[in-house]
Structures are given as structure tokens and as C-alpha cells.
Amino acid sequence: SRTTADTSLAAAISAINVADFGRTFTTGTIDGTNKDFNLDDNIQTGTEFVYLNGQLLTVADDYTVSGTTPGIIGIIKFVNAPQLGDKLTFAGQIIA
């Protein structure tokens, strides 16, 4: 459930240094068909917050994560492609 996901993410965030936590941007077109979005910054797995039109999404139910380095997210893949006009927001612990 979304409440459980929110609680789990909040617990994970409490251990993160605020200076390392931030919003990141992506490359990827919001056009109703594209599901893959490459993050501009590497995000620590399990610390990501993904929002669609202000609604916090849930990993596995709404999106999956992947990357070329274990423990680091580089790509967000949505289950359903965001539609033209949708607003995406991504945040998490940024790995330098």
C-alpha cells in the first residue's frame, strides 16, 4: 500500500545526510509511449522518491529501477508511460 511505502521511505530517509539528499532531473520524453527515464544524477537504491503529478509512486507497482552499478539507480522505468502534460519529480540520496 502507499501508506506502507511512505513509512518505509521515511525510515530510510531518516538515516540519510540531508546534504546528500536532493532532487534530480531526467532525460526522457513525456509523450504517452516512453517509459524509460535516465536520471541526471546517480541515486542510492532504496532512497528514491518518484512522483507523478504530485502523487508518490511505489516501486514495483508503478515503476522499476536499474543501473549499471549495484546499489545505484540510473534509470527509472514506469509500468505505464507518463502521458503528455504529466509532471514527473525525482529525488533521493545523490551519489557523487
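Reader: Where is asparagine 80 found?
Author: Asparagine 80 sits in the loop between strand 7 and strand 8. Bear in mind that this is a predicted model.

Reader: Buried or exposed, that asparagine 80?
Author: Exposed. Asparagine 80 has a relative accessibility of 62%, and the cut-off for exposed is over 50%.

Reader: How far apart are asparagine 80 and lysine 35, in sequence and in space?
Author: In sequence, 45 residues separate asparagine 80 from lysine 35. In space the two are 6.7 Å apart, C-alpha to C-alpha.

Reader: Switching to rings. How many aromatic pairs?
Author: The count is three aromatic pairs. One of them joins phenylalanine 37 and phenylalanine 78.

Reader: What's the geometry of phenylalanine 37 and phenylalanine 78?
Author: Edge-to-face. The centres are 5.6 Å apart, with 85 degrees between the planes.

Reader: Which strands does that pair tie together?
Author: Phenylalanine 37 belongs to strand 3 and phenylalanine 78 to strand 7, residues 72-78, so the pair links parts 41 residues apart in sequence.

Reader: And are phenylalanine 37 and phenylalanine 78 buried or exposed?
Author: Phenylalanine 37 is buried, and phenylalanine 78 is buried too.

Reader: What about phenylalanine 49 and tyrosine 51?
Author: Those form a stacked aromatic pair. Their centres lie 6.4 Å apart, and the planes are at 10 degrees. Stacked applies because the planes are under 30 degrees apart.

Reader: Which residues form the aromatic cluster?
Author: Phe37, Phe78 and Phe90 make up one aromatic cluster.

Reader: New topic: cavities. How many of 30 Å³ or more?
Author: One. The largest cavity holds about 40 Å³ of space.

Reader: Which residues line the largest cavity?
Author: The lining is Thr24, Leu39, Ile43, Glu48, Phe49, Val50, Ile76, Phe90 and Ala91. Phe49 is also in the stacked pair with tyrosine 51, and Phe90 also belongs to the aromatic cluster.

Reader: Which strands each supply at least two residues of that lining?
Author: Strand 3 (36-44), strand 4 (49-52) and strand 8 (88-95).

Reader: How does the lining divide into nonpolar, polar and charged?
Author: Seven residues are nonpolar, one is polar and one is charged. Glu48 is in the lining, and Glu counts as charged. Thr24 lines the cavity too.

Technical notes:
Residues are numbered from 1 along each chain as its sequence is written. This is a predicted model: local features need pLDDT of at least 70, side-chain atom pairs count only at pLDDT 80 or more; totals for chains, interfaces and linings use all residues. Side-chain values use heavy atoms; hydrogens and water are left out. On a 1 Å grid over the protein atoms alone, a cavity is a set of points where a 1.4 Å probe fits but cannot get out, and a pocket is an open set with protein on both sides within 12 Å along at least five of seven lines; lining residues have an atom within 4 Å of a point. Grid points are joined across faces, edges and corners, and a volume is the space filled by probe spheres set on the points. Helices (H or I, at least four residues) and strands (E, at least two) are DSSP runs, numbered from the N terminus. Rings of Phe, Tyr and Trp (its six-membered ring) pair if their centres lie within 6.5 Å; planes under 30 degrees apart count as stacked, over 60 as edge-to-face and the rest as tilted. Buried means under 20% relative accessible area, exposed over 50%, partly exposed in between (1.4 Å probe, protein chains only).
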